[in-house]
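My entries follow in the order I made them.

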Amino acid sequence: MKYSIGVDVGSTTVKSVVLSEDYEIIYSVYTRHFSKVREAVLEQLKKIFEKYEGEYKISITGSAGLGLSSASELPFVQEVYSASLAIKNLYPDADCAVELGGEDAKILFLTGGTEQRMNGSCAGGTGAFIDQMATLLKVSGDELDWLALKAEKKYPIASRCGVFAKSDIQPLLNQGASLPDVSASIFQAVVDQTVAGLAQGRKIEGKVLFLGGPLHFYKALQNAFKETLQLDDEHAVFPELAPCFMAYGSAVYASKNSDFYSHEEIINKIENAKQASGVISFNPLFDTEDEYEAFLERHSKADVERADIASYEGNAYLGVDAGSTTTKIVLLSEDRKLLFSHYTENSGKPLDVVSLKLRELYDIMGDRIKIVASAVTGYGEELLKSGLKIDFGIVETVAHFTAALSFCPDVDFIIDIGGQDIKCFKIKNKAIDNIMLNEACSSGCGSFIQTFANALGYPVDKFSKLGLFAKNPVELGSRCTVFMNSAVKQAQKDGASIEDISAGISSSVVKNAIYKVIRAKSPDELGKHIVVQGGTFLNDAVLRSFERELGINVIRPSISGLMGAYGAALYAMKKSKGVSTLITKQELEDFSYKSATVTCKGCTAHCSLNVLTFADGRRLVSGNRCEKGLGKKESEILPDIFAFKYSYLTDNIINTNENPRATVGLPLCLGYYDQMPMWNVIFNELGFKTVISDMSTRKTFVYGQHTIPSDTVCYPAKLAHGHILNLLDKGVDFVFYPCESYNIDEGDSDNHYNCPVVAYYPELLKANMSVLNEDNFIYPYIDLNRPDNVSSLLAISLAKYGVTLKEAKRAVAKGYEALEKYHKAIEENGKELIEYARERNLPIAVLAGRPYHLDPEINHGVQKLISALGMVTISEDAISNLTKPPKLNVLNQWTFHSRMYRAAAYVAEQKDMHLVQLVSFGCGIDAITTDEIRDILEKNGKIYTQLKIDEISNLGAIKIRLRSLLAAIE
Amino acid sequence: MEKQHAKFTKEMRSTHKILIPDMLPIHLKLLAAVMRKNGYNVELLQNSSRAVIDEGLKNVHNDTCYPALLVIGQFMDALKSGNYDLDKTALMITQTGGGCRASNYIHLLRKALEAEYPQIPVISFNFSNTESSDGFKFTLSMVFGMLNAVFYGDLMMALYNQCKPYEKNEGESDKVLDDCQAMLADKIVNGGFGKRNKNYKYILNAFSKIERTERNKPRVGIVGEIYVKYSPLANNNLEKFLLKEGCEPVVPGLMDYLLYCIINNVNDGKLYGFKNKMTRLSAILYKILIKMYRKLVKRVEQYGFNGMHDFEELRKEADELINQGVKMGEGWLITAEMGCLASSGTENIVCTQPFGCLPNHIVAKGMSRRVKEKYPDANIVAIDYDPSATNVNQENRLKLMIANIKDNAKL
């Protein structure tokens, strides 16, 4: 007999399908390969050969099949192509197919212009994303699905990147959103990513096939797709064969393209497949058992003394670290011995966890032990401090620093790698000098190792131990965790062992921390006395890799996971007044609280407030950026320049023409945050009515999302799409949005460009928004340094409306005046604010970024957070004219960025000013400016603080940075 | 805070070896030879191990684009190799001076050198007057030599790509390429490098003698950010991969980029209504170069090969797709090249770019929709390159594009 076999080797599974001579499917099989690709394929094939004797045509498909095929010289077919073959055979009437795989997402448009799309380098919206989120919720994929089916509502969650999603999900959980609702939101995020990110403006409609593992197994995902695309059962097809669909396509391909092979030939080819030597390996972590023993011996010395809580008598000090996912409690004796420690998951309810433990503690302590001071740190600081009347609240960085000092008095660097976060602090002159936290593209942490261990079928501790004595650990790269997934896939394909991969992953986490988060050029930069902590460092392979990479020995305290709480307890000891305000045993018995979530309507930030009401009537509000939500009066809140600038731009739009020639729409995005007054005046002078787009919200982004061609462009640019649609909705006759290669030359810089995105975004909008045409979108190329030319270009582009050159010249002149007036007004307001601060002895924060960082949807209300911490906020353009540009190590070639350099140089000379740089994720230019601004500040003994923002923002992390800055200033 | 960095002095011309990264394998061999002839002791860097990327990651901000990371990584790796006398080594890097980050590479390189190798001077290779050094000056004869190198380089690249996929005797195209390189190298040393007609003839004859099968393979154009587009180190041997997959790579020449840089000066004047020395000079230079290049293209076509795009055609294409005012990075040139390839029978296009490349948000990903509107059969795949993107990921996307070609051919 003659058969055709299709084999699909994916990132986690192997699928095979056998076709008979008349192309009927006679056999299909689906198994996980646990990274033993070749073995798994052979096993399946051998079974097939036993069952069906004869001659075989064969073809391999799938991302992990590529290597196997080229090594074995068996035919290969790309998986999207094999999907299209399968569809043609089985569902010839399908219009569209959506396939989600482990790390790929694909859309095939089959009718009306065939087209296939695959996700780019960011892997949001794939099976890996779902797994990652399930891990975060501590459920299995199936449980996630099962939970999601019970959901009542959905929340918006960023899906482009797992790290962004996490920043959305964690607060939701902490605010008490139900697991079913969060689960459903995760599936919805996958749908949104597919519909908006992948389809990019093309509608998914008609008869739609849904393929791939996740879409086959997760009912909730199926429902979300059907709902979003408004498909009925007839139009949404979920084939039974879905998991083996590509294998089927591959078999179809084989039947037409493959030669015949005997089963021996196929087995021989696969068995003898020469492994491509693409694996790059490094030295083993430990060469011998003895070496490992010595390593363990050395680290066992960093221990704390303990005392028995059952027999101790005297004073004690309580330290609590309420992290975002775990809570740690430490009790110390008068002579700093550890009496008690506790480490637990908090399930988003730190108050319950700690009050419960405190009750137990009170029972154990009786009258023998008396807590005379207590301190709390971490995300839940405020909550616990007021809820349980804890004496002191301190910022995490200070707590960790205090703890580290007790292990190493000369400590100059602390690194904490937890399950989800990496935090690093540099210590200079006994103060925290610089803080680094992991961000989207540097996300590899502890949970990453865990996810991998699980995927490969091992518990995490066993998996990491495997790596300790690996012979040839593989190099896996260090960008995003999803990239690491592909690297692992490649290593597997090239025959790396589980041991080698395990060691490689540990080393990747370390490299990610050193080169991505800390961005060290050489290990020396970190320091000589390094204390490591956090749960991930309890993993010996990670610790060893870290020491290897740095080439020095570091200190890992035995209480590595408890350092925050330990530091808090030490802090309490130092500050103790002899009597603690801590909630008493008596009070604790009556302790209870009610929690409610409300949205603050104080301003447009719409903070989600968590209001706790305690049994004794006290109230606590958290989740707020500013103090308005707390009921503070406007006059008690510190002023900031952002409110002034925003209102100047948007509230003062001038329209004096009774019978305007036409209505022009000016989008409130990118460069317009600098030039709005100028263009408004110009158009008013020319007899037009000006309409500007509404204030940005998340909705603005979502509204235009389907027309964004590049997923990795910065968020400020992405918002532009929604602003254009908003203007068209308002019925403007046309949108005016000039392209500007050059910005205004403000003097003394090497050049005065705009960044490529600001300069040419109108061109992109025109090409990708089908609603725009020659009539309703006018976007001349202008150079503002040539007013005469601007006038004539305006006259040309507005000729249709009868604008003459003479009129244009007059209007443009007035426009420049308006622009200058605006810039002067900013400087004036800046001056006033500086005086205001100095009269009251308040520190001044210079929030330096681009003009468009004024957008509340872009800055996420950071300035309010700063005000609430007691600083007066001004922006870079308020002070950039007060000094000459500094000498730089780089080319000073962009106008907006040049302002930041000047502002930094000015701040460097002012005792009471501190610069905080806002950086939009994906801004390549800031890769250059951040280092330079840091340099300017640090040369002058100033602390540099950077806040990275995107479509979401991790306000918790931002708060830590700002409070640490304040702590360092003190 | 400006630090005093080491300068390349006149004395160093005789004492120092200058290292340059190998961006375009065919062209740079010639360019290096021209510089040697002019008294500079240059060496093309060939190191390409994983250590190059690691050094890059260590020494450059990781959000900086991949080309900077690779070039700087290649320099640092070379300096650490022990193969060079560190007191007698200088580095050379290009500097475009445009509004893209690339103008800052030289400064990033200096930052990387600061701690360990403060004595090593870095020479800026630029025609835009962004910076100069006493020891390195463009002389007229060197500029002419370099121009010729670009002409020959473009010629050999085009011919090689048209012969290699069809050669009957494996390796013949490479042999011919080596032979032509040797011939030109000899002329650079012994004279006759400037005799273009004669040298064109030699090269064209040599390539046309290669026995070939019928020219029927699908053509795949490569466009993109200039370094990633040409450098095998950056694009993971893209040309070789396409050859292996049974395609004929079509790679637009380096002269396109030069003309693009020159005409942008003229364009600025036209767009913003001014004239100065720069615009006038550029207009003249442009006219001379395009005339010289057209002669070359004509010769190529006489031999039955496909000639390179006419630059005026590219500009026309640009006007229909985008505006020539978009001039940062490779700007409108990328869009125009995609259009020209599609209109001249190379509908399959790989658009290479560093992950997160700013200009390419606009001109590549941002314009592919418009290109497809104009050329519905265009089969464009955008591939991101970065230190951690794996071969598997890139090849899988390329394979999809290639499967589509084969599918389209059947229909």
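This is a predicted model: local features need pLDDT of at least 70, side-chain atom pairs count only at pLDDT 80 or more; totals for chains, interfaces and linings use all residues.

At what angle do the axes of helix H6 (residues 140-163) of chain B and helix H7 (residues 172-190) of chain B cross?

**Entry 1: H6(B) and H7(B).** I found that the two axes cross at roughly 170 degrees and come within 10 Å. Angles over 145 degrees count as roughly antiparallel, so H6(B) is roughly antiparallel to H7(B). I then listed who makes the contact. From H6(B) I have Gly145(B), Tyr152(B), Met156(B), Tyr160(B) and Cys163(B). H7(B) brings Ser173(B), Leu177(B), Cys180(B), Leu184(B) and Ile188(B). Sorted by class, I have eight nonpolar and two polar residues in this contact, and no charged ones.

**Entry 2: H1(A) and H11(A).** I went to chain A for another pair, helix H1 (residues 37-51) and helix H11 (residues 263-271). Their axes come within 11 Å, with a crossing of roughly 175 degrees. H1(A) is therefore roughly antiparallel to H11(A). On the H1(A) side I wrote down Arg38(A), Val41(A), Leu42(A), Leu45(A) and Phe49(A). On the H11(A) side I wrote down His263(A), Ile266(A), Ile267(A) and Ile270(A). The class count for the contact of H1(A) with H11(A) is seven nonpolar, one polar and one charged.

**Entry 3: positive phi.** I looked for residues other than glycine with a positive phi and noted Tyr23(A), where phi is near 65 degrees. Tyr23(A) sits in the loop that joins strand E2 (13-19) to strand E3 (25-32) of chain A. Is Tyr23(A) buried or exposed? I count Tyr23(A) as exposed, because it has 11 C-beta neighbours inside 10 Å and the limit for exposed is 12 or fewer.

In chain B I noted Asn236(B), not a glycine either, with a positive phi of about 50 degrees. Its place is the loop between helix H9 (226-230) and helix H10 (238-244) of chain B. Asn236(B) has 19 C-beta neighbours inside 10 Å, so I put it down as partly exposed.

**Entry 4: chain A against chain B.** How many residues of chain A are in contact with chain B? I have 64 residues of chain A in contact with 60 residues of chain B. Several elements of chain A each supply at least two residues to this side, among them helix H3 (79-90), strand E7 (115-118) and helix H19 (498-517). The largest share, eight residues, comes from H27(A). By class, the side of chain A that touches chain B has 29 nonpolar, 22 polar and 13 charged residues.

Notes. Residues are numbered from 1 along each chain as its sequence is written. Chains are lettered from A and ligands numbered from 1 in the order in which they are written. Two residues are in contact if their C-beta atoms, placed from the backbone, lie within 7 Å. Helices (H or I, at least four residues) and strands (E, at least two) are DSSP runs, numbered from the N terminus. Ala, Val, Leu, Ile, Met, Phe, Trp, Tyr, Cys and Pro count as nonpolar, Asp, Glu, Lys and Arg as charged, and the others, Gly among them, as polar. Axes are lines fitted to C-alpha atoms, for helices over the stretch in contact, and angles run from 0 to 180 degrees between N-to-C directions. Angles under 35 degrees count as roughly parallel, over 145 as roughly antiparallel, 65 to 115 as roughly perpendicular and the rest as oblique. A residue is buried if 20 or more other C-beta atoms lie within 10 Å of its own, exposed if 12 or fewer, and partly exposed in between; C-beta atoms are placed from the backbone.
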